[in-house]
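Look at the structure below.

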Amino acid sequence: MNKLMRIDEVVDAIPAGATIAVGGSSLSRKPMSLVRALAARGRGDFRLIVDVGGPEVDLLLGTEKVRQVVYAFVGFEIMGLAPHFRRARESGSVAFQEWTEFTVMAGLDATVKRVPFLPTHVGLGTDVLAVNDAFRRFPDPFGGETLVAVPALAPDFALIHVNLADPQGNGVILGDGHVDVLCAKAAKRTILSAERVVSAEELQRYGRDVQIHRIHVDGVVEAQWGAHFTGCAPYYRADLRHVQDYLTAARDPASWAAYVDRFIGDRHADYIAAVGGAEALIGRLEV
Amino acid sequence: MSDRSSQERPGTTAAAGGPLGASTQLSPTPTKDTSYTMDELMITVMARQLHGEVLVSSVTALGALAAHLAKRTHAPDLAVLSTPESGMEVAPIPTLTLGQFLTDAQQGIPLTMEDIFDAIFLDRFRIWINPAQVDRHGHVNITAIGPWDHPKVALVGSRGIPEDTSHLSQILYYVTSHTPRSVVAQVDFRSGAGYGPDRMRELGQPGSPTLLVTNLGVFDWNGPEHTLAVVSLHPGVTAATVAEATPFPVALPDPVPTTTEPTAAELALIRAADPLDVRKLEFLSGRAAAEGLVNIYERERQALHAAVWPHRRSR
């Protein structure tokens with residue numbers, strides 16, 4: 001089945017209030033072309049699920065598209081805190097639920113395995129269990145020790161950026177995999193954006209690097225530089241110059257409005273032009 | 001960089017003794033290099049805590065360099081990663097954006113997140129964690145300053161620290177600026193379990209915090225009722241300095257040992273592995289940090305190519 005879509009078709013397919021899991025990890029391989037389109041035209045009221053989140057959470061918060069964020073981490077790593085995430089957390093304008101890296105994986109895995117929860121020791125002795133009422137302590141039915149029940153996380157959609165995809169929805173990831181395979185399996189509908197769409201025959205040559213399998217995928221979008229301004233190993237690194245511009249713009253409403261006006265839309269080609277064009281990106285970011 | 005491998009071959013340099021304070025210098029006798037900086041002293045101390053055949057994750061420059069130094073001296077069996085989840089068996093050059101590229105270019109072994117958490121649950125994983133706050137009882141915080149619901153400063157979220165503190169038998173922390181803001185009586189949010197009564201009831205001993213290295217000294221939680229205690233103080237640091245920087249009493253041994261300084265060989269290993277001085281960024285803030293960051297970002301691709309391509313061709 002040919003699952004190729006345009007970015008604007010992806011935006012149209014995602015209803016208001018949808019629960020969306022996003023792949024990648026902080027400044028690595030975030031599906032930013034899809035996220036920018038949702039920030040521009042998405043119906044909003046979204047519930048986001050991220051393991052290690054970064055610009056995607058921050059941008060959707062900064063464009064007021066979010067109702068709740070389920071997260072283990074949201075930040076810009078060495079570049080500092082995520083400005084809109086910080087503001088929303090401090091003002092309480094959006095609901096937040098703090099999870100941890102493994103429990104987000106376990107919650108997605110519970111959905112995959114069609115069980116209501118998975119058990120763990122993670123969180124015991126910490127305040128995560130005090131502030132996140134989704135978790136429950138329960139006694140091990142065999143031995144009696146205290147365990148934590150991690151409830152299933154069931155995304156309506158997963159958005160994942162991959163190095164290569166074929167039109168049927170198989171996806172090649174060449175750098176770190178993060179939790180993308182779990183997101184793809186757990187979501188009711190999974191959309192891939194890919195640096196390049198290749199034929200099924202060509203994709204199959206990548207063997208074990210074909211980490212995303214088409215039985216879990218519903219849509220494929222071609223978007224070269226689609227992770228920018230995060231990185232996409234081994235093709236290009238994160239654009240820390242642009243991260244600095246983003247952080248500067250987020251300082252006050254006027255400069256943020258100007259940033260959104262200049263960079264945020266559902267036409268990926270316009271964005272690439274706005275950041276200086278592919279030639280400039282190659283010079284700055286290819287490794 | 002072409003002589004890296006010969007410089008760093010284990011066994012050709014003197015290992016800096018065993019546990020802290022019990023250093024026995026082996027031949028060849030290294031000349032004492034007194035021109036080390038705080039990052040280098042801390043990395044050396046941190047390296048000496050890593051032993052055996054365990055995965056060591058490289059999330060921060062200091063952690064990556066400690067793992068690298070340990071592997072090249074007393075702990076050759078360490079399985080050091082170049083990113084939080086991949087790049088086993090490469091030299092983890094600290095970078096801002098190139099960790100995964102190092103995995104690829106040096107043909108490091110890729111792992112998955114499942115591999116990482118399985119290693120944590122099996123206690124075959126070590127990581128040096130750099131929290132925003134660490135407290136008298138060993139709890140740590142990277143989530144929020146102030147109450148969780150309405151924080152004064154929202155930080156990043158607990159990430160994988162709860163996983164570490166419910167499963168590992170050795171929990172390692174460092175802070176580069178030991179002040180009443182970072183070393184506190186009680187953290188605002190417990191991202192990681194310390195020695196509180198509920199953790200002892202629900203978790204027992206596994207995951208108990210082991211060591212804290214700061215710019216003033218080395219500490220553990222072997223004070224009265226598992227409270228913070230001095231293991232050693234860095235050269236020139238007095239008990240009065242620690243008392244001034246710490247808003248609660250810290251237990252002191254008598255006499256107070258002095259932290260063993262880096263050897264010339266250890267300093268050479270650290271400097272060769274971090275030609276861009278990424279480790280210095282963790283001690284900077286404001287404009288100096290921003291300028292340092294831009295400088296490294298512009299130069300790091302060149303450094304990666306210089307360090308990596310000859311290595312790859314030789315395979």
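A residue counts as buried under 20% relative accessible area, as exposed over 50%, and as partly exposed in between, with a 1.4 Å probe and protein chains only. This is a predicted model, in which local features need pLDDT of at least 70 and side-chain atom pairs count only at pLDDT 80 or more, while totals for chains, interfaces and linings use all residues. Residues are numbered from 1 along each chain as its sequence is written, chains are lettered from A and ligands numbered from 1 in the order in which they are written, and side-chain values use heavy atoms, leaving out hydrogens and water.

Start with charge. Side chains of opposite charge can pair when their charged atoms come close. A salt bridge here is a side-chain nitrogen of Lys or Arg within 4 Å of a carboxyl oxygen of Asp or Glu. Over all chains, the count comes to 28 salt bridges.

One of them joins A:Arg29 to A:Asp180, with the closest N and O atoms 2.7 Å apart. The partners are 151 residues apart. A:Arg29 sits in the loop between strand E1 (19-22) and helix H2 (32-41) of chain A, and A:Asp180 in helix H7 (residues 180-186) of chain A. Helices (H or I, at least four residues) and strands (E, at least two) are DSSP runs, numbered from the N terminus. A:Arg29 is buried, at 1% relative accessibility. A:Asp180 is buried too, at 0%.

A:Lys113 and A:Asp109 also form a salt bridge (2.8 Å, N to O). These two are 4 residues apart in helix H5 (residues 101-113) of chain A, so about one helical turn separates them.

Now turn to chain B. B:Glu266 and B:Arg48 meet in a salt bridge at 3.1 Å, N to O. B:Glu266 lies in helix H9 (residues 264-273) of chain B, and B:Arg48 in the loop between H2 and strand E1 (55-56) of chain B, so the pair ties together parts 218 residues apart in sequence. B:Glu266 is buried at 3% relative accessibility, and B:Arg48 is buried at 4%.

Chain B is assigned domain 1 (1-125 + 263-315) and domain 2 (127-259); the bounds come from an automatic or database domain assignment. How many residues of domain 1 of chain B are in contact with domain 2 of chain B? There are 22, and they meet 23 residues of domain 2 of chain B. Contact means heavy atoms within 4.5 Å. Between domain 1 of chain B and domain 2 of chain B, the count is 0 salt bridges.
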